[in-house]
Amino acid sequence: MPAVSKGDGMRGLAVFISDIRNCKSKEAEIKRINKELANIRSKFKGDKALDGYSKKKYVCKLLFIFLLGHDIDFGHMEAVNLLSSNKYTEKQIGYLFISVLVNSNSELIRLINNAIKNDLSSRNPTFMCLALHCIANVGSREMAEAFASEIPRILVAGDTMDSVKQSAALCLLRLYKTSPDLVLMGEWTSRVVHLLNDQHMGVVTAAISLITCLSQKNPDEFKTCVSLAVSRLSRIVSSASTDLQDYTYYFVPAPWLSCKLLRLLQCYPPPEDGAVKGRLVECLETILNKAQEPPKSKKVQHSNAKNAILFEAISLIIHYDSEPNLLVRACNQLGQFLQHRETNLRYLALESMCTLASSEFSHEAVKTHIETVINALKTERDVSVRQRAADLLYAMCDRSNAKQIVAEMLSYLETADYSIREEMVLKVAILAEKYAVDYSWYVDTILNLIRIAGDYVSEEVWYRVIQIVINRDDVQGYAAKTVFEALQAPACHENMVKVGGYILGEFGNLIAGDPRSSPLVQFNLLHSKFHLCSVPTRALLLSAYIKFINLFPETKATIQEVLRCDSQIRNSDVELQQRAVEYLKLSSIASTDVLATVLEEMPPFPERESSILAKLKKKKGPGAVSVPDLEDGKREGGELNGGGERGPDSAAMSASNASTPSPSADLLGMRSAAPMSAAPTSAGSLLVDVFSEAGPAAPSAAVNDDGFLSSAPPSEDPATLLSEADELLNKFVCKNNGVLFENQLLQIGIKSEYRQNLGRMYLFYGNKTSVQFASFTTTVSCPGEHQPQLNVQTKPVEPVVEGGAQIQQVLNIECLTDFSEAPLLNIKFRYGGALQNLSLKLPVTINKFFQPTEMTSHDFFQRWKQLSQPQQEAQKIFKANHSMDTEVLKAKLLGLGTALLDDVDPNPENYVCAGVIQTKGQQVGCLLRLEPNGQAQMYRLTLRCSKDSVSLRLCELLAQQF
């Protein structure tokens, strides 16, 4: 900037500021200001020949008065006049006044814009920077309309000075954030991207902020920036601290630019170009290596800069989730920070490890730090660090350490901060259920949870324990005994009374043989808590009492006496009064058989995903649950344990077993209209036979009784099928869970399960941006021109997906006959006003409906010979596409859905499988033989099926898997 001459000191301004500071009272200050305002007003009105210096001085005084909190209603025109001055200091004050005081709706905007245009075209770098700063500071839509097309030209012009380029890039970024629809890069895109190659590091730093913002909105237009960013990052990382002297901060070369480059790369998937990807991996390895080197300075600024780059690099490694070596190294590096003396580093390490724990590559490495994390949970002073430690324990939990982690979290709950107790309770409940092998341990854990933190145990938690107890005969007696003992405590929480009333009312007979828990003892124990409870709990206890009359006729007189007393039949609460009157009459006039029928045990709840998990997602806020959470099957091979979504509230035990399920427990909206009397499915299954009465889907979408939409015909204006649609489909031939599709805006996760000819699929749509998706719709169209081959019913989705949020869609699938084409999923939504329309294939392939069939060697080859017609066999010889690892091959063949038969083929190197494909119309038997040749890196795949079209389709699918 030009030097300020002595004459620009503005002595009058200095005297005025001194006078203001010397004022002894507010009144004195106002009096002095009013005097000055009158003087300035008279100068502006009276003397038409004010020189530039005087105008600048008086405008400066007005600006100072405004900053003191007083209104200024004149002087704007004089400030605008200063913009036409050729002196830097006068022009500077004019722009400063306008940036602070001029409203975007001012009548002077046109004059201001003209002055700015003159400065931008002047080629004087100082004036151009002042004009660009003013545009950025005001940042109004009018400014964007006037200059959005001009600034990119200045930014990429070859003769523009570096300081102007920096200002132009940041100015354009400001306008883009306020009016993105007006800033259209168009022809300037490639030239803006190439600013990453600029010789001036300041230009690169400013440009990368702009490119990162633009990439988030239009990723495809700016994807060429990836290779340039990697190249620039490589040069910085490999440089010594003396190479970039002007941009070295405490021996760390260009730390801010390095962080911005790493953040830009997180906007894109891993580079497809092998050379670029290799160079990036080298950069990341170098950053991890430098983190291990001794510090070159003891200053905190040095460690801060070094760690900032390291954490951004780890974030990029986690984002890619494709380099096992880097993920494990990142985990080990973070593990060193867990015991660092800096609280902020411990916090960041815990937060990053939470994400690493969800990766199949680094989960085991994260688990090695369990003792350190538990110690942090117990000893950390900062509550936010303790909360991150609890989050990490939750993320690293699996079957091998579940009991230890749950025990530690329960122990911590007794002294935990009130702000995180509810979340801790939900996490303990989820882990106890998810990894419960011994259900008596699960019951103990939940009852202990209620004892320790009863006030924070939501309805969903105690609903869930009751659902599981009812669905599992082997734990009912233990649950009744345990809850009976828990109720004997002098003071027990009301939630414990609810659980006790429900379980004893249903299964009290299982412990009634012990004199210490005889029917009357059970009743007296429950009734001793009655007067201390709220109305809903009393209503549940009354329902338990009428159940007791059915289970234990000897208690009838005692219970009728309780129901008959005035405090019940004349109760001021209408619900309690009605129950008491109805139950008393029912017990008096109904025969034993009628009573037994009306008050029979509750039927098992239909299997559903736990609503506790949904409540935790809701509490954590939008976007807190990522798709990798869905991939626990990779590590555990298990699902959430069974249990319905029907809340066992006080009405659930009432006289009518057809009571309406409590809506509060059905947070995911996944309740099916399956009959209550239907036999329960296995505890690990998420499926319900929703197709037991279903016929073929109608040709157009229609809502059925379960709230599902039947599959629709192809859209009249379908999106072009993604070029990688077949590749995405092939990824899921041998697995059911994972990330189906991801770009810079949207991530689609999938979780599915199949039984016989039925399937259920959960699709998770995640908004990766900070801007909401509007008009979000999905359509599924099925193959088969003349007759339907698949019947797909879809649950409607929410039309709005908030920024960072995730929504779920449920699909029910029925295989009517064999098929070759996968269903098409079309997704439409509006992002930033622009319509996004994409179409991809759902990973529903014919092998998903396999039922494994075990066979002896004799049976296999006998059946092999029976399927000897030429059209029944399909064979393909092909080169190996992947590593010929034995365990990987076995895992893929099992993932196919068939039974892998041992000791069947005479050649032990070969693999043979058998299975039956279940469709609604028929069953198709399939035999498979895979012959690997390790030396030639070749396979021969032979399939024999009772239907020729199935042989060909399976052969085509499998040839791409090995």
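Trainee: Let's zoom in on Lys-26: why does this residue count as partly exposed?

Mentor: Lys-26 counts as partly exposed because its relative accessibility is 48%, and that label covers the range between buried (under 20% relative accessible area) and exposed (over 50%), using a 1.4 Å probe and protein chains only. Before we go on, keep in mind that this is a predicted model, where local features need pLDDT of at least 70 and side-chain atom pairs count only at pLDDT 80 or more, while totals for chains, interfaces and linings use all residues. Residues are numbered from 1 along each chain as its sequence is written, and side-chain values use heavy atoms, leaving out hydrogens and water.

Now, who does Lys-26 pair up with? Its side chain meets that of Glu-29 in a salt bridge, at 3.7 Å from N to O; the term asks for a side-chain nitrogen of Lys or Arg within 4 Å of a carboxyl oxygen of Asp or Glu. Side chains of opposite charge can pair when their charged atoms come close. Both residues sit in helix α2 (residues 26-46), 3 residues apart, which is about one turn of the helix. Helices here are DSSP runs of H or I with at least four residues, strands are runs of E with at least two, and the numbering starts at the N terminus.

Arg-32 and Glu-36 are both buried.

For a pair that reaches across the sequence, look at Lys-277 and Glu-323, whose side chains make a salt bridge at 3.7 Å, N to O. This one links distant parts of the chain, 46 residues apart: Lys-277 is in helix α15 (residues 274-292), and Glu-323 is in the loop between α16 (300-320) and α17 (324-337). Lys-277 is partly exposed, with a relative accessible area of 28%, and Glu-323 also gets that label at 23% relative accessibility. Salt bridges can also share partners, as they do in one network made up of Asp-19, Arg-32, Glu-36 and Lys-61. Across the whole structure, the search turns up 36 salt bridges.

Let's stop at helix α17, where you'll find Gln-333. This glutamine is buried, with a relative accessible area of 2%. Setting aside residues up to four places away in sequence, Gln-333 touches Leu-288, Ala-291, Gln-292 and Leu-310, where a contact means heavy atoms within 4.5 Å.

Cysteines next. Cys-283 is buried at 3% relative accessible area, and Cys-331 is buried at 0%. A disulfide needs a pair of cysteine sulfur atoms within 2.5 Å, and the count by that rule is 0.

Leaving out residues up to four places away in sequence, Asn-933 touches Met-884 and Met-938. Lys-879 is 54 residues away from Asn-933 in sequence, with 9.5 Å between their C-alpha atoms.

Time to step back. The chain has 39 helices and 17 strands, and 54% of its 962 residues count as buried. Among contacts with a separation of 6 or more, 70% come from residues 24 or more positions apart. So what did we learn about your lysine?
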